[in-house]
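Please find below my note on the structure under review. It is set out as numbered points.

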Amino acid sequence: MLIPNDAHFSFAAATWDWIKANVPFLARGVDDTAGQARYENLMQDKPASLAALLNLTTAMRQIDLPQSTPLDYLKQVMWDESLAQDRFFAYCDPELINQVRIAATQGEFAPEIGSGFFHPGATASWKQVQFGEANVQLTFHEDEKTTIDGVPCIVVEPDIDYYKDLAAHTLLEVIPNAIIGGLTNPQEVYVLRWMAGCRAGVPEFNPPYTIVK
């Protein structure tokens, strides 16, 4: 899969009704009219951030934890400047961190040493190890807490790195991005994750948007 130099995103399939049915945590915390307006503003003003959000939620839905998927534990996204083209922050049921710990003992995730260096304020982080590239990383900020629908919640920060290896991630992604002020490109993530899934023989990675010329 090749991306044209002048490519852009088409979110024709990612309607507000689709979001409410498939990614309901994005619709929580606000009434329907305001939620739709907020979502459509994101689509118009920060399309790369929306693409990253859809990449991540699609990938998280494909991860089988001992019980459910990571997406099932998310309660409410943070609709602020932290919603970027390489990650988002959301409140989650703290059971998610327990599920990831169990999955790590089963060889599905690997802990990131020194997660606070790469993710300021983080208390723990694990990266999926299923693919050679474009694995989901779940970083937890356990000191940030709130209660949603009676559930005490902590913050999770999902992102997808280009590279599985920490050294490659640092030298080829983190440092260059720091030098030029860049961020992980959701178009590249889309392609890498799609190819990684094809090589692994898993269901196709198919977020609800297309990259068009």
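This is a predicted model: local features need pLDDT of at least 70, side-chain atom pairs count only at pLDDT 80 or more; totals for chains, interfaces and linings use all residues.

1. Six strands make up an open sheet in the order β2-β3-β7-β6-β5-β4, and their pairing is antiparallel. The edges are formed by β2 (74-77) and β4 (109-111), each of which pairs on one side only. From one strand to the next the twist averages 35°.

2. Strand β7 and its neighbours. On one side, β7 (residues 151-163) pairs with β3 (residues 90-92) in the antiparallel sense, over three bridges. Within that pairing, Cys92 has Ile154 of β7 as its bridge partner. With β6 (residues 133-148), β7 also pairs in the antiparallel sense, here over twelve bridges. The bridge partner of His141 in β7 is Val155, and Leu138 stands opposite Pro158 of β7.

3. The hairpin and the cover of β7. Two residues lie between β6 and β7, which form a hairpin. In its turn, Asp149 has a positive phi of about 50°. Strand β7 is mostly covered, with ten of its 13 residues buried.

4. Helices α2 and α3. Helix α2 (residues 32-45) packs with helix α3 (residues 47-61) at an angle of about 115°, and the two axes are 5 Å apart. The two helices are therefore roughly perpendicular to each other. On the α2 side the contact is made by Tyr39, Leu42, Met43, Gln44 and Asp45, and on the α3 side by Pro47, Ser49, Leu50 and Leu53. By class, the residues of this contact of α2 with α3 comprise six nonpolar, two polar and one charged.

5. Helix α3 itself. The 15 residues of α3 reach 21 Å from the first C-alpha to the last, close to the 21 Å expected at 1.5 Å a residue. Helix α3 is mostly covered, since 13 of its 15 residues are buried.

6. How does each helix meet the strands? Helix α4 (residues 95-105) lies across β2, β3, β4, β5 (124-128), β6 and β7, and runs at about 145° to β6.

7. Helix α7. This helix (residues 186-200) also has 15 residues and reaches 21 Å from its first C-alpha to its last, close to the 21 Å expected at 1.5 Å a residue. Its buried residues are Pro186, Gln187, Val189, Tyr190, Val191, Leu192, Arg193, Ala196 and Gly197. These buried residues of α7 pack against β1 (8-10), α3, β5, β6, β7 and β8 (210-212).

8. Leaving aside residues up to four places away in sequence, Ala84 touches Ser49 and Ala52. Ala84 and Ser49 are 35 residues apart in sequence, yet their C-alpha atoms are 4.8 Å apart in space. Ser49 also belongs to the α3 side of the contact between α2 and α3.

Key:
Residues are numbered from 1 along each chain as its sequence is written. Side-chain values use heavy atoms; hydrogens and water are left out. Buried means under 20% relative accessible area, exposed over 50%, partly exposed in between (1.4 Å probe, protein chains only). Helices (H or I, at least four residues) and strands (E, at least two) are DSSP runs, numbered from the N terminus. Two strands pair if DSSP finds at least two bridges between them. Axes are lines fitted to C-alpha atoms, for helices over the stretch in contact, and angles run from 0 to 180 degrees between N-to-C directions. Angles under 35 degrees count as roughly parallel, over 145 as roughly antiparallel, 65 to 115 as roughly perpendicular and the rest as oblique. Contact means heavy atoms within 4.5 Å. Ala, Val, Leu, Ile, Met, Phe, Trp, Tyr, Cys and Pro count as nonpolar, Asp, Glu, Lys and Arg as charged, and the others, Gly among them, as polar. The expected span of a helix is 1.5 Å times one less than its number of residues.
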